[in-house]
Amino acid sequence: MKIKEIRPRVFRWRGKTVPLPPHFCTNPMDLLPLPKASMQTFTFHEWLVVEVFTDDGHVGIGNAALAPQVTKQVIDLYLKPLLLGQNPWDIEFLWQHMYRKTMAFGRKGIGMVAISALDIALWDILGKSAKQPIYRLLGGKTKPRIPVYASRLYSVDLEELAKEAKRYKYEGFKAMKLRFGWGPVDGAEGMQHNVALVRTVREAVGDDIDVMADAYMGWTLDYAKRMLPLLEPFHLRWLEEPVTPDEIHGYSELKARGQIPIAGGEHEFTLLGFRHLLEAHTLDYIQFDTNRVGGITQARKIAALAEAYSIPVVPHAGQMHNYHVVMASLNSPIAEYFPLVDVEVGNELFWHIFDGEPRARDGFVDLDENLLGLGLTIRGEAFEKFEVIE
Ligand SMILES: [Mg+2]
C-alpha cells in the first residue's frame with residue numbers, strides 16, 4: 001500500500017454565529033487594553049480537513065482546528081512531499097520524518113498541528129486497512145462506554161447558567177465544566193463574579209456532580225493564587241489552564257499548593273513537551289488534544305508516560321481522534337464533550353463537518369465497533385454550510 005494523493009482543505013463556516021458578550025470567557029488577551037469583548041476575536045470558524053488517498057483505495061481523514069489556513073500551507077509545502085509514495089504502515093518512520101524535516105520551525109504550534117492532522121489520517125487508513133476501529137490497534141476497549149463531561153457553561157447571566165447546568169444534569173451528565181469571565185484587570189469585584197459563576201453551577205447541580213472550571217490562559221499566577229482559596233469551598237474536580245502554557249513554574253506552584261487539582265496541556269505538544277510538564281509536577285490532569293499534540297503516534301506515547309506518573313489523561317475537546325485514545329487507556333477515566341449548540345466560539349463546527357461523531361446519551365458516548373478506522377466521513381451538507389478552500 002502506498003500513499004498516492006493528499007488533499008488538505010479548509011472548511012470556513014458561512015452560517016450565522018452567535019455574538020459573544022463581554023466577559024463570556026477569559027483568554028490570554030484579557031490583560032491588554034483592548035475592547036471588552038476580546039473573546040469575539042479569539043474564536044475560530046474554520047477547520048482543516050485532510051484526506052490521504054492510497055493506491056489500494058483507502059481514504060484516511062484527519063483534521064485540525066488551529067489556524068487552518070496556515071496549517072494547510074505547512075502540509076502542502078513541507079509534509080505532503082515526504083508522504084507521497086510511502087507505506088502508511090511505516091507510521092513511526094513517517095512521523096519522525098515529518099518532525100525532523102520541520103524541526104527548525106515546527107516543534108510546537110502550527111507545524112505540529114499539521115503533523116497531527118496527517119498522522120490521524122494515516123491511523124484512519126491503518127484501521128480501515130486492518131478492518132478495525134483505531135482503538136483496537138491501540139489496545140482495545142478498556143471500558144464499555146466512555147463517560148463524558150458536558151463542556152460549555154460560558155460566563156453568562158447566572159439564572160441562565162443555572163438552567164444550563166441543570167439541563168446537563170437532567171440529560172445524565174455526571175460532570176460538567178464552566179468558564180470564568182473575569183481576570184486580573186477586573187480586580188476584586190471580578191473575583192467575586194468568578195466565585196458567583198462557580199457557586200451558581202455547584203448549587204444548581206448539587207454535590208453529586210463533578211464540576212470543573214476553565215480560565216483558558218486568561219489569568220496570571222498572582223491572580224490564580226488569590227482565586228484558589230475563594231474557589232476551594234466548591235470542591236472543583238479541577239481548575240484548568242489558570243496561567244499561560246509556558247508558565248511551567250506557575251503550574252508547579254499552583255499544583256504544589258494542593259488546594260484544587262490543576263489541569264492543562266491542550267496547548268502543549270509532543271512526548272517531550274509532556275515529559276517536561278510531568279517532571280516539573282505541573283498537572284493533576286493532562287489534557288492534550290490529539291489533533292495538536294502530534295497525532296495518535298504521540299498521544300499514545302504521552303498516555304503511556306502519564307500512566308507511569310499516575311496522572312490521568314482527559315483530552316481536550318473529545319471527538320473521535322481523542323475518543324479512540326481514551327477508549328484504549330485505563331488511565332483516561334472520562335472525556336470532554338462539546339454539546340451541539342449554535343455556532344459560537346467554533347467548538348461546535350465539527351458537528352457540521354463530520355458524520356460519525358457519537359452523541360452523548362446519559363453522560364456516555366459509545367464507539368461503534370463497526371465503524372472502521374477513525375469512524376468519520378465528511379458530511380455532504382458540509383459543502384453547502386462551509387466555503388471550502390482548496
Ligand atoms: Mg480548555
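**Group meeting: a walk through the predicted model**

Let me start with a strand pair: S1 and strand S14 (residues 386-389) are joined antiparallel by four bridges. Two strands count as paired here if DSSP finds at least two bridges between them. Helices (H or I, at least four residues) and strands (E, at least two) are DSSP runs, numbered from the N terminus.

Before going on, a note on the source. This is a predicted model, in which local features need pLDDT of at least 70 and side-chain atom pairs count only at pLDDT 80 or more, while totals for chains, interfaces and linings use all residues. Residue numbers start from 1 along each chain as its sequence is written.

Put together, four strands make an open sheet with antiparallel pairing, in the order S3-S2-S1-S14. Strand S3 (59-64) and S14 are the edges; each has a single partner strand, so one side of each lacks a neighbour in the sheet. On average, neighbouring strands of this sheet are turned by 25° against each other, direction ignored.

Next, the helices on these strands. Helix H1 (residues 68-83) packs on the sheet and touches S1, S2, S3 and S14. The direction of H1 makes about 180° with that of S1. For such angles, axes are lines fitted to C-alpha atoms, for helices over the stretch in contact, and the angles run from 0 to 180 degrees between N-to-C directions. Contact means that the C-beta atoms of two residues, placed from the backbone, lie within 7 Å. Helix H3 (residues 110-130) lies across S2 and S3 and runs at about 150° to S3.

Now a helix pair. Helix H5 (residues 158-171) and helix H6 (residues 187-205) pack with their axes 9 Å apart, at an angle of about 40°. H5 and H6 are therefore oblique to each other; angles under 35 degrees count as roughly parallel, over 145 as roughly antiparallel, 65 to 115 as roughly perpendicular, and the rest as oblique. Among the residues that meet are Leu158, Leu161 and Ala162 on the H5 side, with Ala196, Leu197 and Thr200 on the H6 side.

Which residues of helix H8 (residues 248-257) are buried? They are Gly250, Tyr251, Leu254 and Lys255. These residues cover an arc of only 130° around the axis, which puts them on the same side of H8; the arc is that of the directions from the helix axis to the C-beta atoms. Buried means 20 or more other C-beta atoms within 10 Å of the residue's own, exposed means 12 or fewer, and partly exposed is in between, with C-beta atoms placed from the backbone. His249 and Ala256 are exposed, on the face of H8 turned away from the buried side. The buried residues of H8 pack against helix H7 (221-231) and strand S8 (262-264). Just after H8, Gly258 has a positive phi of about 70°.

Last, two loop residues. Most residues other than glycine have a negative phi. Tyr216, in the loop between strand S6 (210-214) and H7, has a positive phi of about 45°. Tyr216 is buried, with 21 other C-beta atoms within 10 Å. Ala317 has a positive phi near 85° and lies in the loop between helix H11 (295-309) and helix H12 (320-327). Ala317 is buried too, with 20 other C-beta atoms within 10 Å.
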